[in-house]
Amino acid sequence: MLFQVITAILPVVLMLQQAIPIQGIISLGGTSNVGKTRWLAALCTALAVGKTERMGLPSCNGKYVSLWIANEERAGDIERRVKATVLQHGDKKSAAIVVRGKDKGMMRLVAINEVGTAEVDTKNVARIVKQARKVGAKI
C-alpha cells in the first residue's frame, strides 16, 4: 500500500493549556543576559510542583518531570537557579528536573551535511528520547 488512510487524528494533550504539549520540546533563545535560564528554571520548577499559576501561566494538571538539555550553561549553574526558585517559593515536594549541562558537551540536533543541507542528527535525537523515557520526562 503506497498511502495510509488516516481516519482520526488524536488530540494533542497539553500539560499547560494552550501552551505546552505533554512530551513536547521547548527551545528558548535570545540575547545574552536577558533571563532565559532564570525563566526556564522557574518554569521547570513550577511544572515540577504543579503550580504554574505563580508565573502568570494557566494551571497545569499535575506535577511533571522535565529533561533540560543546556548547551550554554553548566549543570551546577542550572541547579543553583532551580534551588533559588525552590527557596523563593518554599517548595517542598516535586517531580524531578533532570539536567544535562554544557559540561557534558554540546547536544546537536541538526547539522549541516557535506552538501550544505540541514540534516537531523538521529543518533543524538535517539539518545534524548531514550533519556526522556528513562526519567519519565513530560517536557
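Start on the surface by selecting L109, V110, V120, V125 and V129: together they make a nonpolar patch with about 360 Å² of accessible area. Keep in mind as you go that this is a predicted model.

Stay with V110 for a moment. V110 sits in strand 5, which covers residues 110–112. Is V110 buried, partly exposed or exposed? Its relative accessibility is 48%, so V110 counts as partly exposed, since that class runs between 20% and 50%.

Now head inside. Select L40, L43, L47, W68, I78 and V82, the residues with the most contacts within the largest nonpolar core, which has 13 residues. Next, colour helix 1 (36–49) and helix 2 (75–89), as each of them supplies at least two residues of this core. Which element gives the core its largest share? That is helix 1, with five residues.

Zoom in on L43. Setting aside residues up to four places away in sequence, L43 touches I20, I26, M55 and L57. Then move to a second, separate core, this one of nine residues; A95, V98, A132 and A137 are among them.

For the last stop, pick S66 in strand 3 (residues 66–69). Why does S66 count as buried? Because its relative accessibility is 1%, and buried means under 20%. Show what surrounds S66: beyond its neighbours within four places in sequence, S66 is in contact with C44, A96, I97, V98, A137 and I139. You have already met two of these contacts, V98 and A137, as members of the second core.

Technical notes. Residues numbered from 1 in each chain as written. Predicted model: local features only at pLDDT ≥ 70, side-chain atom pairs only at ≥ 80, totals over all residues. Heavy atoms only, no water. Patch = residues over 30% accessible without salt bridge, like charges linked within 9 Å, V, L, I, M, F, W, Y side chains within 5 Å. Areas by Shrake-Rupley, 256 points an atom, 1.4 Å probe, with all protein chains shown as cover. Salt bridge = Lys/Arg side-chain N within 4 Å of Asp/Glu carboxyl O. Helix = DSSP H or I, 4+ residues; strand = E, 2+ residues; numbered from the N terminus. Buried < 20%, exposed > 50% of the residue type's maximum accessible area, 1.4 Å probe, protein only. Core = buried A, V, L, I, M, F, W, Y, C linked by side-chain atoms within 4.5 Å. Contact = heavy atoms within 4.5 Å.
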